[in-house]
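Hi everyone, thanks for coming.

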Amino acid sequence: MNTPTRLAGFAVAAAAVFGIALLLGRAIGPVDTDAAAHDTVHDASHEADESAPRAAKIPGGLMVSQDGYTLALVDDRAEPGTEVPVSFTITGPDGELVTAYDVQHEKKLHLIVVRRDFSGFQHVHPTLSDGVWSTDLALTPGAWRVFADFKATGGEALTLGADLAVGGEQVAAPAVLENRTASVDGYDVTLTGDLRPGADAELTLGVSKDGVPVTDLQPYLGAYGHLVALRSGDLAYLHVHPDGEPGDGTTEPGPDVVFHTAVPSAGTYHLYLDFQHDGVVRTAAFTVTAGGETPEQPTPSGEEKSDGHAH
Ligand SMILES: [Cu+2]
């Protein structure tokens, strides 16, 4: 390759990276204005942190490496099948395989796997042996995303993501723009509530079977439901836990499971609800759009915004 061509290629690549940075900045900016300001102060007072990546405000699941922890698939290629063995490791800041994890929601690591066209969602719990995690997955041809949701002992809770290519001819899943009712195994689940970019939103998921509300949901991983949201376009990852816990005296075992979450930007989100009934865990999938406008951050009443920050 001659020099001008190489330089042109570099310019294109640099522009692409810069463009992505701009997009990310725009996507997360409205949510994190305050937090970013605090970080600036924090960094200035702790020189050791100066070199740390300023990536904490990026939604989970977009990076393969964060805070010194790196997710690595043993093989990032796989053949399709219903029980395909997949193994991976997490490497820590010291370069060694991480073997000590804190239990979160009854497991040391939650693995979420989805094809990039939002078909084939799975939430599994791999087994750990000598620092190597292993599980079986049901994989169809196409591009898959693997999310490891964990907290290494001594580290922060992280979700790292990696791509897994599955051979064969992919049949693209039909595009879904909006879907607020999902049917799975005779259960109907209805989602009410609207996602709002940068602001807390209440989502209620109502479960019924044969038209009868289900009032005896079973705890699964310490809750009556687990909700994963993936942003369309880049698969930014949010793991949401419901209000209340089984056995707290106020939380009913259905038919409604209530979640609160704030999505990082406007856009389309694919939501996956895991719930357990009659001893079986099932997943209901939804697609909803968060409004195009970022609402203004409310100012607490009785507090003039300018007063508190005047010098
Ligand atoms: Cu899990």
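Buried residues make up 26% of the 311 residues in this chain, where buried means that 20 or more other C-beta atoms lie within 10 Å of a residue's own, exposed means 12 or fewer, partly exposed is in between, and C-beta atoms are placed from the backbone. Please keep in mind that this is a predicted model: local features need pLDDT of at least 70, side-chain atom pairs count only at pLDDT 80 or more, and totals for chains, interfaces and linings use all residues. Residues are numbered from 1 along each chain as its sequence is written.

How confident is the predictor? The mean pLDDT of the chain is 83, and 76% of its residues reach 70 or more; pLDDT is the predictor's confidence in each residue, from 0 to 100. Over residues 17-56 pLDDT stays under 50, and the model has 22 contacts beyond four places in sequence for them. Residues 297-311 also stay under 50, with 2 such contacts. By contact I mean two residues whose C-beta atoms, placed from the backbone, lie within 7 Å.

Now the fold. The chain has 2 helices and 19 strands; these are DSSP runs numbered from the N terminus, helices being H or I with at least four residues and strands being E with at least two. Of the contacts with a separation of 6 or more, 66% are between residues 24 or more positions apart.

Which residues have the most contacts inside the largest nonpolar core? They are Ala148, Ala229, Tyr269, Leu271 and Leu273, in a core of 55 residues. Such a core is a set of buried Ala, Val, Leu, Ile, Met, Phe, Trp, Tyr and Cys residues joined through C-beta atoms within 7 Å. Domain 2 (65-166) and domain 3 (181-290) both give residues to this core, so it lies between them; the domain bounds come from an automatic or database domain assignment. Leaving out residues up to four places away in sequence, Ala148 touches Leu71, Phe88, Ile90, Leu109, Leu111, Thr159 and Leu160.

Asp278 is exposed, with 12 other C-beta atoms within 10 Å. Asp210, in the loop between S13 (201-209) and S14 (212-213), has a positive phi too, near 55 degrees.

Let's finish with an open sheet. Its 5 strands come in the order S3-S10-S9-S5-S6, with mixed pairing. S3 runs parallel to S10 (residues 157-166), joined by 2 bridges, and Ala78 has Val166 as its bridge partner in S10.

Methods: Pairing = 2+ DSSP bridges.
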